[in-house]
Amino acid sequence: MPEPKPFERLPGTVRPTHYSITLQPNLVKCIFQGCEEVSLDIKEATREIKFNTLELTLRDISLKLSDGEVVKPASTDMSPSTETATLTFERPLPAGPATLCMSFSGELNDKMKGMYRSKYTAENGEERYSAVTQFEATDARRCFPCWDEPALKATFDITLVVPHDRVPLSNMPEISRETHESDSNLIVVKFARTPLMSTYLVAVVVGEYDYVEDTSSDGIRVRVYTPVGKQEQGRFALEVATKVLPYYKEYFNIAYPLPKMDLIAIADFSVGAMENWGLVTYRETCLLVDPHNTSASQRQWIALVVGHELAHQWFGNLVTMEWWTHLWLNEGYATFVEFLCVDHLFPEYDIWTQFVTNTYVRALELDCLKNSHPIEVPVGHPSEVDEIFDDISYSKGASVIRMLHCYLGDKDFRVGMNKYLTRHQYANTYTEDLWAALSEASSKPVAEVMSTWTKQTGFPMITVKSHQDGNNRVLTLTQQRFLADGSTDDSSQWMVPVSISTQQNPSKVAQEVLLERRSVQVVLEGVSEATWVKLNPGTVGYYRTQYPPEMLTQLIPAIQDKCLPPLDRLGVFNDLFSMVQAGHTSTVEVLKVLRAFEDEHDFTVWSAVHNCVARLNQLLSHTDFHPAFAAFVRHLFSRIGQKLGWEAKPGEKHLDTLLRSLVLGQLGLYGDEQVVAEARKRLAAHVAHTTTLPADLRSPVYKTVVAQADEKTYEQMLKLYREADLHEEKDRISRSLGATRDPNLIQRVLQFAMSSEVRNQDTIFVIISVAMTAPGRSAAWAFFKTHHQELVDRYEGGYLVTRLIKYITENFASEDMAREVETFFRERQIPGTERTVQQSLETIRLNAAWLNRDQQAIKKYLTDLQL
Ligand code: BES
Ligand code: ZN
C-alpha cells in the first residue's frame with residue numbers, strides 16, 4: 001500500500017461553540033453566497049486560528065474580542081491541500097470567548113458534495129436546479145468555513161435566503177419568514193437553533209417539493225418530501241418512519257430530541273441516504289414507492305434504509321464517534337438496528353435470515369483477504385476517511401454487534417445501550433465507551449471479548465475434531481485465522497462465543513462455550529455417534545467452521561430433509577464454499593452438495609445458493625466448459641422454477657415473490673429455453689401495453705431478454721427507459737443493459753452510461769452491469785482505462801469511483817491481468833481507492849489460483865454429469 005498522506009487534526013486551542021450561518025443559493029447561476037458568525041472559545045492565548053474550508057472564497061474576515069474590540073487578521077493563508085485556512089493575527093488573542101465573522105461564496109457544484117445542484121424537470125418541462133447538501137464525511141467545509149471534525153460539536157442557527165416560491169428546509173423547524181428588504185422575490189427564512197451537533201450532520205435543501213405528513217404516536221411531526229405531484233409515493237416511507245420513531249424511543253428508552261423529522265427524496269445523490277439530524281436525505285429509489293411499479297425487494301430495501309437512517313438519529317447524531325476511526329460505531333450499529341426494527345415492523349420479511357445471506361456473508365468474504373483492515377482503523381486524510389465506508393465498517397461491524405447481542409441477551413444489551421446513549425448524549429465517544437456501558441449492564445468481559453474483533457483484521461476458522469467417549473461426544477475446537485488463500489497465520493487469536501446444536505433439538509443451543517484460547521474441549525453429554533452435531537446455530541458467530549468429512553456427511557441429509565433450520569442449512573453450505581475458495585476442499589464437493597438443494601423452497605437458502613453460483617459463474621466464465629456449468633445451474637433451478645411458475649399466487653408470501661424473481665432470473669440468465677421464450681413474450685406484451693409486467697418480474701425479464709438482444713430489442717429497452725418516470729424503473733432498465741453479449745451493443749451501453757441521459761449518480765452502476773459478463777468484463781476495463789480521468793473528475797474521487805474499480809477489476813482470473821491492473825494503478829494513483837485496488841489484486845490472484853487448482857476436476861465432473 002502507498003504511504004498515507006500527511007495529515008493533522010485541527011489544533012484544540014480554538015473551538016467553536018455556536019454558528020450563525022446565512023446561505024443564499026442562486027439556483028439559476030448555480031453559485032451561493034453566505035456569511036457566518038462563529039462563537040469561539042479560545043482555550044489559550046494564540047496568534048493563529050485554523051479551520052477547514054475548501055473551494056470557497058472568503059471575504060471580510062474579522063474577529064470580535066470579548067471586550068468589543070474588532071481585529072482583522074494580518075494574513076489569511078489558504079491551504080487547499082490540507083483543506084484549511086489559517087488566520088494569523090498581529091498580537092496574540094487572549095484566552096476566552098470571541099466571535100469570528102466572515103462572508104464567503106462558492107459554486108453549487110455538480111459533484112454531489114458540499115452544497116451542490118440537483119437537476120429536475122419542472123411541470124412546464126423546464127430544467128431547474130435544487131440546492132442540496134451532503135456533508136459526510138468531510139464536506140461541510142465546502143459549504144461554510146468550519147471546524148469540520150465530528151468531536152467539535154456546536155449549535156447552529158441557520159438562515160436561508162431563497163426565492164419566495166421555493167421550499168427551504170434545514171435540520172430544525174422554520175421559526176420566521178420575511179420578504180427580503182431589497183428584493184421582493186426573495187424570502188429570508190430562519191430556523192430554530194439546533195442542539196449541540198457535529199458539522200457533518202448539518203443540512204439544507206432548497207427546491208420545489210410536495211410532501212405528505214403525519215404525527216408519530218410520540219408526538220413528532222414527520223414529513224416525506226417528494227418531487228412535485230408525487231407526494232403519494234412518500235406514503236410508504238411515511239408509515240415506516242412514523243412507526244420507527246416510537247419503536248426506537250422505546251428500544252433506547254430515550255425520546256427523539258428534535259421537534260420534527262423530514263425525509264426527502266433528492267434526484268442527484270451520491271450515496272443511498274444520509275442521516276442529517278431532522279432532515280434525512282435519500283436517493284429517490286431509497287424512499288419513493290409507486291404501488292404499481294415498485295418491486296417487493298425495493299420496498300424491503302426502503303424499509304431498511306429508513307430504519308437505518310432513523311437509528312442514526314440516536315446512534316451517530318445524539319452520540320457521535322470522536323473520530324472517523326470509530327466510524328464503524330455509527331455504521332455497524334445502524335446496520336444492525338435497521339434489521340431489528342424492520343423485523344419488528346415486517347415480520348414476514350424474515351429479515352434476519354436475509355441479514356446472514358447478505359450482510360454477514362459479504363463481510364466474511366471481504367475480511368478473509370490479507371488486504372482487509374480492522375474495524376477500528378486509523379484514518380487521517382479525507383480520502384482515507386471516504387474509503388472506510390466499506391463492508392468492514394458496515395457489514396462486519398453489524399455482524400460482530402449481532403454476535404455480541406446474542407452473547408449478552410437482548411435485555412442486558414438494551415440496558416447497556418441506554419446507559420451509553422444517556423451518558424454520552426450531545427457528546428462524542430470511543431469504541432471503548434460502548435464496551436464499558438455494555439459490561440456494566442451485563443457483568444460480562446465485553447471489552448476483552450470485543451477488542452479481539454474490532455482491533456484485529458480477519459476472523460477465525462474453527463476446526464472441529466470429534467471422538468466418542470461412551471455416551472458422550474467430545475469435541476475439540478481449535479481456532480486459527482481464516483485466510484482466502486488457505487495459508488495459516490497464528491499471530492491472531494479471538495475470544496469466540498461458540499454455541500453448538502445437536503440432532504436431538506436442531507433449533508436449540510445445546511451448549512455454549514467461550515473459546516478464549518487456541519483450543520478447547522467440549523463434552524456433549526448423551527450425544528451418540530450416530531447423530532449430527534453442528535457449530536454456530538443461527539449463524540451468529542463471526543467465524544467459519546471446518547468439519548471433518550464424517551461430521552459433514554452427517555449434516556448433508558439434514559439439509560436435504562430440512563431438519564436443519566434455514567439459517568443453519570445456508571451456514572453449513574456457505575462455510576463449505578469458503579473452504580473450497582481457500583483450497584481446503586475441492587470445488588467438486590460443493591457442486592455435489594448443491595444438488596442437495598434441488599428441493600429447497602426457502603428464499604434465503606436459495607439466495608445463499610445463488611451467491612455461490614454467481615461466484616462460480618464468474619470464475620468459470622474464463623473456461624471453455626462454461627456451457628456445461630450453465631446446464632448444471634439450469635438443472636439446479638428447474639424444479640423450483642416449475643413449482644413457482646410465472647404468476648403470483650393470490651395472497652402469496654413476500655419471500656415467495658422474491659424467490660420467483662430470483663429463480664426466473666437465474667433460469668433466464670443461464671439460458672433456459674422456456675424461460676427465455678416466455679420472457680420475450682411477456683416483454684413484448686409489456687412494450688405493447690397489452691399486459692404490464694409486474695414490477696417484481698421486470699429485472700429478471702429485462703436481463704434475460706437483453707442477454708440475447710439484437711439492435712432492435714436494445715432500442716426498445718432504451719425507449720422504455722426514456723418513457724419511465726419512476727427512478728427505480730430507470731435503474732432497473734439501465735442496469736439490465738449490461739447483460740448483452742453483443743460487442744457493438746456493449747460499446748453502446750458504455751457510451752450510454754456516460755451520456756447526459758444517465759445521471760452521474762447512476763453511471764457507475766451501468767458500467768458495472770456491463771462488467772458482469774465475460775465479454776463485458778474486458779470491454780468495461782478497456783473503457784475505464786480510457787475514461788478514468790473523466791470519471792475521477794466527475795466525482796472528485798469518493799465512494800462511487802471506489803465501487804466502480806472494485807467491480808470492474810475483481811473478476812479477472814489470471815496473473816497477467818493482475819499485473820496489468822497493478823501497473824495501471826501504480827502509474828495513476830487515485831486517492832481513496834488504494835486499499836480497494838490492493839483487495840482487487842489479491843482477489844484476481846486468488847481466482848487464478850482457484851481456477852488452476854480445480855478447473856480440470858470441475859470440467860470432468862460437469863461433463864460426466866451429462867445434464
Ligand atoms: N452515513 C451514511 C451515508 C454515507 C455513506 C455518507 C458513505 C458518506 C459516505 C448513511 O447512514 C448510510 O449508511 N447510507 C447507506 C444506506 C444504508 C441503508 C446502508 C448508503 O448510502 O449506502
Ligand atoms: Zn449509516
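Helix α3 (residues 327-345) and helix α6 (residues 392-408) have axes that come within 7 Å and cross at roughly 65°. The axes are lines fitted to C-alpha atoms, for helices over the stretch in contact, and the angles run from 0 to 180 degrees between N-to-C directions. Helices (H or I, at least four residues) and strands (E, at least two) are DSSP runs numbered from the N terminus. The two helices α3 and α6 are therefore roughly perpendicular to each other; angles of 65 to 115 degrees count as roughly perpendicular, under 35 as roughly parallel, over 145 as roughly antiparallel and the rest as oblique.

This is a predicted model, in which local features need pLDDT of at least 70 and side-chain atom pairs count only at pLDDT 80 or more, while totals for chains, interfaces and linings use all residues. Residues are numbered from 1 along each chain as its sequence is written, chains are lettered from A and ligands numbered from 1 in the order in which they are written, and side-chain values use heavy atoms, with hydrogens and water left out.

The crossing of α3 past α6 is right-handed, a term for the near helix being turned clockwise from the far one by less than a right angle, with anticlockwise giving left-handed. On the α3 side, the contact (heavy atoms within 4.5 Å) is made by Leu327, Trp328, Glu331, Gly332, Tyr333, Thr335 and Phe336. The α6 side supplies Ser393, Tyr394, Gly397, Ala398, Val400, Ile401, Arg402 and His405. Sorted by class, this contact has eight nonpolar, five polar and two charged residues. Here Ala, Val, Leu, Ile, Met, Phe, Trp, Tyr, Cys and Pro count as nonpolar, Asp, Glu, Lys and Arg as charged, and the others, Gly among them, as polar.

Trp606, Val609, Val613, Leu616, Asn617 and Leu620 of α13 meet His626, Phe629, Val633, Leu636, Phe637 and Ile640 of α14. The contact of α13 with α14 divides into 10 nonpolar, two polar and no charged residues.

The whole structure holds six cavities of 30 Å³ or more. On a 1 Å grid over the protein atoms alone, a cavity is a set of points where a 1.4 Å probe fits but cannot get out, a pocket is an open set with protein on both sides within 12 Å along at least five of seven lines, and lining residues have an atom within 4 Å of a point. Grid points are joined across faces, edges and corners, and a volume is the space filled by probe spheres set on the points.

The largest cavity has a volume of about 90 Å³. Among its 16 lining residues, Asn536, Thr539, Gly571, Val572 and Asp575 are the closest to its centre. Helix α11 gives the largest share of this lining, five residues. The second largest cavity, of about 60 Å³, is lined by Lys230, Gln233, Glu284, Thr285, Leu288, Asp725, Leu726, His727 and Glu728.

Open space is found too: the second largest pocket contains about 1100 Å³. Its lining has 38 residues, and Lys119, Tyr120, Thr121, Ala267 and Arg759 are the closest to its centre. Strand β9 gives the most to this lining, with five residues. By class, the pocket lining has 14 nonpolar, seven polar and 17 charged residues.
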